[in-house]
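My entries follow in the order in which I checked them.

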Amino acid sequence: MADYTKMWTDLGLNLDNHDALLENLGGAYQSIFMSQEHRPEGMGYFDFVMSEAHGLRIQELRDEQEAGRKIIGSFCVFVPEELVLAAGCTSVGLCAGADFAQEEVEKVLPRNTCSLIKSFFGFKLGKVCPYMEVSDLIVGENTCDGKKKSFEIFSQMVPNFFQMDLPQNKAPMARKLLKHEYEAFIAKLEEMTGKRIGLEDLKQGIATVNAKRNALARLSKLRTANPSPISGLDALLINQIAFLDNPVRFTGKVNALCDELELLVKENKGAKVENAPRVVISGCPMAIPNWKVPAVIEATGAVIVGEESCIGERGQRNTTDASADTIDGLIDAVVDRYFKIDCAVFTPNQERVEHIKEMAKNTNADGVIHYGLQFCQPYIMESFSVEKTLEKDGVSVLRLETDYSQEDMGQLSTRVEAFVEIIK
């Protein structure tokens, strides 16, 4: 990595804290990812992206800013990248996958707050997330009560914050709310850029994001092979990088990797041995560098063949219809696409259980591991109905509840190893 000290200083990062973060991140990456056997050659690009995630990629974003482009940071798949691109802006995901500055966090948030919320507060208070500092606008979405209330505090920590309300059910009025919020978001983007979004702008934004989703869906389909040509860890990494990288470049690299994986499938070569226990992991999103549970699972010799998660299948499922010939028609298409997301904040939410069952069937999974972040009430509560429904259909389920620390690694390993033995 080149010397980015001046850039990080200009962004206001705490260099000591940031150096400690990069050291820990680098060590974890080496031990978890680079120690894997039978990795596809195409993973070299994604390893490079990770090595420059706080360096070259941030420099690219700053270069875009100097050229007049705005950077829009967000936490959630409910923030439409199509609209951001249509406004001539760049969308990036924000840091929220590890514990940092927890003592400082607990001065402003209750100790039993969801791990993900405490994480992005920690990255901000510790001044170690360059994506937060480079963003011209940070979008917070009111999915759960924890986020909704915490954003009242977080919005005072950043210079430009936009709060987006979200529906909690799938009634017609809920769709109207979502359209209203997306129209307000468009108005904010147009205010920031001084430019109205045109029909062709939105069509191009939709086309770019659809191409990225199609590439990720292609990757998911290839994982259904036995043996799977890529580890679950590497597939998760690709889905995580989707929130950081240039979307056009990323799409090309994913498709190039898929070309390689197709050859591996034809040659019956896989990341794990043929007939290795196959697992779908379901539940809370896993942002960089949250690799703990997938690493534990694949250390048993099992292979993760799908992620029913916002950073995974839930985020890539469904493309946006670009056939309308009016702006309002295209906005309706964007609303319709995002209204299909089956986040656990919705009630009732039987669609999500059906999607998990469908994924387990389509990937030939031997079992499902439901992952809940500590104090994430929507997903933890929903895990009971997920387990009950799937087991009625003969699908084995293991419910895990954890946080970002390493303290429960032994217990997690024991439980996962026992589950893998059962589903072999």
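**Cysteines**

I began with the sulfur atoms and noted that C95 and C129 form a disulfide, with their sulfur atoms 2.1 Å apart; I count a disulfide as a pair of cysteine sulfur atoms within 2.5 Å. By this rule the count comes to one disulfide. The model is a predicted one, in which local features need pLDDT of at least 70 and side-chain atom pairs count only at pLDDT 80 or more, while totals for chains, interfaces and linings use all residues. I keep in mind that residues are numbered from 1 along each chain as its sequence is written, and that side-chain values use heavy atoms, with hydrogens and water left out.

I then looked at the link of C95 and C129 itself, which is right-handed, with 75 degrees about the S-S bond. The pair links distant parts of the chain, 34 residues apart: C95 is in the loop between β2 (90-93) and α6 (102-105), and C129 is in the loop between α7 (115-125) and α8 (130-134). Here helices (H or I, at least four residues) and strands (E, at least two) are DSSP runs, numbered from the N terminus.

For accessibility I use buried for under 20% relative accessible area, exposed for over 50% and partly exposed for in between, with a 1.4 Å probe and protein chains only. C95 counts as buried at 11% relative accessibility, and C129 is buried with a relative accessible area of 0%.

**Sheet and helices**

Next I traced an open sheet of four strands, in the order β2-β1-β3-β4 with parallel pairing, where two strands pair if DSSP finds at least two bridges between them. The edge strands are β2 and β4 (161-165), each pairing on one side only. Neighbouring strands of this sheet are turned by 30 degrees against each other on average, direction ignored. Angles run from 0 to 180 degrees between N-to-C directions, and axes are lines fitted to C-alpha atoms, for helices over the stretch in contact.

Strand β3 (residues 137-142) is joined to β4 by five bridges, and the two run parallel; the bridge partner of N142 in β4 is D165. Taking contact as heavy atoms within 4.5 Å, I noted that helix α9 (residues 145-154) lies across β3 and β4, running at about 150 degrees to β3. Helix α10 (residues 172-193) lies across β1 (71-74), β3 and β4, at about 165 degrees to β4.

**Backbone**

Most residues other than glycine have a negative phi, and most peptide bonds are trans. I therefore listed the exceptions below.

- The peptide bond from I288 to P289 is cis, with omega near 0 degrees, and P289 lies in the loop between β5 (278-283) and α14 (292-299).
- T347 and P348 are joined by a cis peptide bond, with omega about -5 degrees, and P348 lies in the loop between α16 (327-339) and α17 (350-362).
- A101, in the loop between β2 and α6, has a positive phi of about 50 degrees although it is not a glycine, and at 25% relative accessibility A101 counts as partly exposed.
- K127, in the loop between α7 and α8, has a positive phi of about 55 degrees, and at 43% relative accessibility K127 counts as partly exposed.
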